[in-house]
Amino acid sequence: MPRFVTKTIHAYLDYPVAIALVAMPFILGLGASSPYALWLSVVTGIAAFVLTLLTDHHLGLFRVLPYSFHLAVDFAVGLVFLAAPLVLGLAGLDAAYYWVLGATVLLVVGLHKPQDAMVAAQ
């Protein structure tokens with residue numbers, strides 16, 4: 001599987017994704033099956049925004065957390081999103097939202113181009 005999501009591409013995705021995680025539950029009207037369906041995304045979006053601010057990449061404002069930690073957190077979020085509908089008893093759009101997001105997050109992390117390969121290619 002070709003890996004093409006570089007650190008730079010990932011950095012550019014982080015801020016809009018964090019904002020979308022906060023906004024989309026309200027736009028889509030999530031929370032029909034549980035209020036957790038609404039708030040899990042909002043809290044995760046706020047945390048993702050802070051994580052991005054603190055990550056050591058060119059768009060990080062404070063750059064105190066290693067990028068590898070950021071990727072590990074993203075991976076964990078993907079797993080949590082995939083499990084959330086089962087654990088929280090979500091159904092319908094609430095469940096679909098988290099399954100699609102969880103799979104997407106794991107796909108992006110899986111398509112991440114390793115740092116060593118990027119350095120060797122330069």
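Tyr97 is in contact with Ala20, Leu21, Met24, Pro25, Leu28, Leu30 and Ser41, leaving aside its neighbours within four places in sequence. Contact here means heavy atoms within 4.5 Å. This is a predicted model, in which local features need pLDDT of at least 70 and side-chain atom pairs count only at pLDDT 80 or more, while totals for chains, interfaces and linings use all residues. Residues are numbered from 1 along each chain as its sequence is written, and side-chain values use heavy atoms, with hydrogens and water left out.

**Nonpolar core**

- Tyr97 belongs to the largest nonpolar core, which has nine residues.
- A nonpolar core is a set of buried Ala, Val, Leu, Ile, Met, Phe, Trp, Tyr and Cys residues joined through side-chain atoms within 4.5 Å.
- Buried means under 20% relative accessible area, exposed means over 50%, and partly exposed lies in between (1.4 Å probe, protein chains only).
- In soluble globular proteins, nonpolar side chains tend to be buried together.

**Helix α2**

- Helix α2 covers residues 35–54.
- Helices (H or I, at least four residues) and strands (E, at least two) are DSSP runs, numbered from the N terminus.
- The 20 residues of α2 should span 28 Å at 1.5 Å a residue, and its end C-alpha atoms are 29 Å apart, which agrees.
- The expected span of a helix is 1.5 Å times one less than its number of residues.
- The buried residues of α2 are Ala37, Leu38, Ser41, Val42, Thr44, Gly45, Leu51, Thr52 and Leu53.
- These buried residues pack against α1, α3 and α4.

- Ser41 has a relative accessible area of 0%, so Ser41 is buried.
- Leaving aside neighbours within four places in sequence, Ser41 is in contact with Leu21, Val22, Pro25, Tyr97 and Tyr98.
- Thr52 has a relative accessible area of 1%, so Thr52 is buried.
- Beyond its neighbours within four places in sequence, Thr52 is in contact with Asp14, Tyr15, His57, Leu59, Gly60 and His70.
- Thr52 and Lys113 are 61 residues apart in sequence and, C-alpha to C-alpha, 18 Å apart in space.
- Tyr36 also has its place in helix α2.
- With a relative accessible area of 55%, Tyr36 is exposed.
- Setting aside neighbours within four places in sequence, Tyr36 is in contact with Leu88 and Tyr98.
- Tyr36 and Leu90 are 54 residues apart in sequence, and their C-alpha atoms are 8.5 Å apart in space.

- His10 lies in helix α1.
- His10 counts as buried because its relative accessibility is 3%.
- Neighbours within four places in sequence aside, His10 is in contact with Val5, Tyr67, His70, Leu71, Asp74 and Val108.

**Largest pocket**

- The largest pocket has a volume of about 470 Å³.
- On a 1 Å grid over the protein atoms alone, a cavity is a set of points where a 1.4 Å probe fits but cannot get out, and a pocket is an open set with protein on both sides within 12 Å along at least five of seven lines; lining residues have an atom within 4 Å of a point.
- Grid points are joined across faces, edges and corners, and a volume is the space filled by probe spheres set on the points.
- The lining of the largest pocket has 23 residues, of which Asp14, Val17, Leu21, Asp74 and Val105 lie nearest its centre.
- α1 (7–28), α2, α3 (67–88) and α4 (92–110) each supply at least two residues of this lining.
- α1 gives the most, with eight residues.
- The lining divides into 16 nonpolar, five polar and two charged residues.
- Ala, Val, Leu, Ile, Met, Phe, Trp, Tyr, Cys and Pro count as nonpolar, Asp, Glu, Lys and Arg as charged, and the others, Gly among them, as polar.

**Loop between α2 and α3**

- Arg63 has its place in the loop between α2 and α3.
- Arg63 has a positive phi of about 55 degrees although it is not a glycine.
- Most residues other than glycine have a negative phi.
- Arg63 counts as partly exposed, at 41% relative accessibility.
- Pro66 is found in the loop between α2 and α3.
- Pro66 is partly exposed, with a relative accessible area of 44%.
- The C-alpha atoms of Pro66 and Gln115 are separated by 12 Å, and the two residues are 49 residues apart along the chain.
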